[in-house]
Amino acid sequence: MTTSLAAPVPAPLPELLPYHRMARASARHRWWRPVLGTGFVAVACVLVAALLYGLSFALGAAWGYPEAPDGTVEFGPVTGTALDLLVIASALPVVLLAVRWTGRRPAGTVSSVTGGLRWRWLGLCVLAALLVLAVTAGAMLLLPMDDATPSRWAGWEVFGPALAMLVLLVPLQAAAEEYVFRGWLTQAVGGFVRSPWWALVPQAVLFAAAHGWGTAWGFADLAVFAVAAGWLTVRTGGLEAAIGLHAVNNLLAFGVSAAVVDGLKSDDTAADAPWQLVAIDLAGIALYTAAVLWLARRRTPTRAVPAPTPAPAPPPLPFSAAYPQVPAAHAPLPCVPVPVPVPVPCTERTDAPDRPLGAAPSAPPPGVADRTSR
């Protein structure tokens, strides 16, 4: 008779979490944490922006800056642009705090699936964006516009300080927007859905709406930009590709505006772009996407990480551990009965009344037993 042993069942592999599902990277994830965190990000960003603007306007009035037509302080194009960029950049620490406090996970998990910003990969994406968007920006400058007003060179005394300010603050502003939309919002929605497309659509609509309502072409351009940046984020496992595209695009746009007289005073945004500029911009987005995918095939960045496994239940304690024995030094001595001699009353000792209590009676003298027996 032969017996066969059943093969051991292998343990199931942990679920792999892509970028948009990183809200579940914490063992303490609950369904309400992304909702609570979204409310925290929205309220905190508004409060911080109001605080920064209020403080800057108070200082500007104290320092003698002129009053703007809307009742605020007129700082000038360079200082005013720097203030706007700083206010937007303040959303970056707000998102990191939301991930850490409400999400109960490391703040770096909003940067990439590896838990931090991958600087080498970010540098490659910035280089690709510079090569692609420089071509499209040149094409936009050469594009004839019927209603365009002639522009004049602002001069190095104006352009130099403005360019230094833009190089310092535009990357922070672009990164903050990416952390809010492609970062927090994508992961918040991804905590409820598995498909990345359902997580990318809401952030794209909100990103386009946040830039204002201009032309239909401008709104479509912003929405496509947001979807492409979000898809690259999920495809590469981090925000580096989106930050590179956004930072270089904004730096070129602000740089062109700073190069002409009163260019930074314009209130036009990407939402007001005509269809000619939108067509060129969409071509640049497509070329950049293809370049990043080509780099990703050669570098293969980490795209997903294993989901946290719940801690195993501790084994039951043995009887001796659950009910520890009393140490020997403190153990009670065993109770051993000790015989106690019973004293004999004096009235019963007729043989020796003078014998002490407890002494055994002596043998009777000869002849006594015979006289008492019957």
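Which residues in helix 3 meet which residues in helix 5? In this predicted model, Ala 91, Leu 92, Val 95, Leu 96, Ala 98 and Val 99 of helix 3 are in contact with Ala 176, Tyr 179, Val 180 and Trp 184 of helix 5. By type, the residues of this contact divide into 10 nonpolar, no polar and no charged.

The geometry of the pair can be stated briefly. Helix 3 covers residues 91-101 and helix 5 covers residues 156-190. The two pack at an angle of about 35 degrees, and their axes lie 7 Å apart. Their crossing is left-handed.

**Ser 90**

Ser 90 sits in the loop between helix 2 (77-89) and helix 3. Ser 90 counts as buried because its relative accessible area, 14%, is under the cut-off of 20%. The side chain of Ser 90 reaches the backbone oxygen of Val 87 at 2.4 Å. Leaving aside residues up to four places away in sequence, Ser 90 touches Val 48 and Leu 52.

**The whole protein**

The secondary structure comes to 11 helices and 2 strands. Read from the N terminus, the elements run β-α-α-α-α-α-α-α-α-α-β-α-α. Some totals for the protein are listed here.

| Property | Value |
|---|---|
| Share of the 374 residues that count as buried | 36% |
| Accessible surface | about 22,900 Å² |
| Part of the accessible surface belonging to carbon and sulfur atoms | 69% |
| Contacts joining residues at least 24 apart, among those between residues at least 6 apart in sequence | 80% |

Note on methods: Residues are numbered from 1 along each chain as its sequence is written. This is a predicted model: local features need pLDDT of at least 70, side-chain atom pairs count only at pLDDT 80 or more; totals for chains, interfaces and linings use all residues. Side-chain values use heavy atoms; hydrogens and water are left out. Axes are lines fitted to C-alpha atoms, for helices over the stretch in contact, and angles run from 0 to 180 degrees between N-to-C directions. Helices (H or I, at least four residues) and strands (E, at least two) are DSSP runs, numbered from the N terminus. A crossing is left-handed if the near helix is turned anticlockwise from the far one by less than a right angle, and right-handed if clockwise. Contact means heavy atoms within 4.5 Å. Ala, Val, Leu, Ile, Met, Phe, Trp, Tyr, Cys and Pro count as nonpolar, Asp, Glu, Lys and Arg as charged, and the others, Gly among them, as polar. Buried means under 20% relative accessible area, exposed over 50%, partly exposed in between (1.4 Å probe, protein chains only). Accessible areas come from the Shrake-Rupley method with a 1.4 Å probe; for residues, only the protein chains shown count as cover. A polar contact is a pair of N or O atoms within 3.5 Å; within protein, one must be able to donate a hydrogen and the other to accept it, and residues adjacent in sequence count only if both atoms are side-chain atoms.
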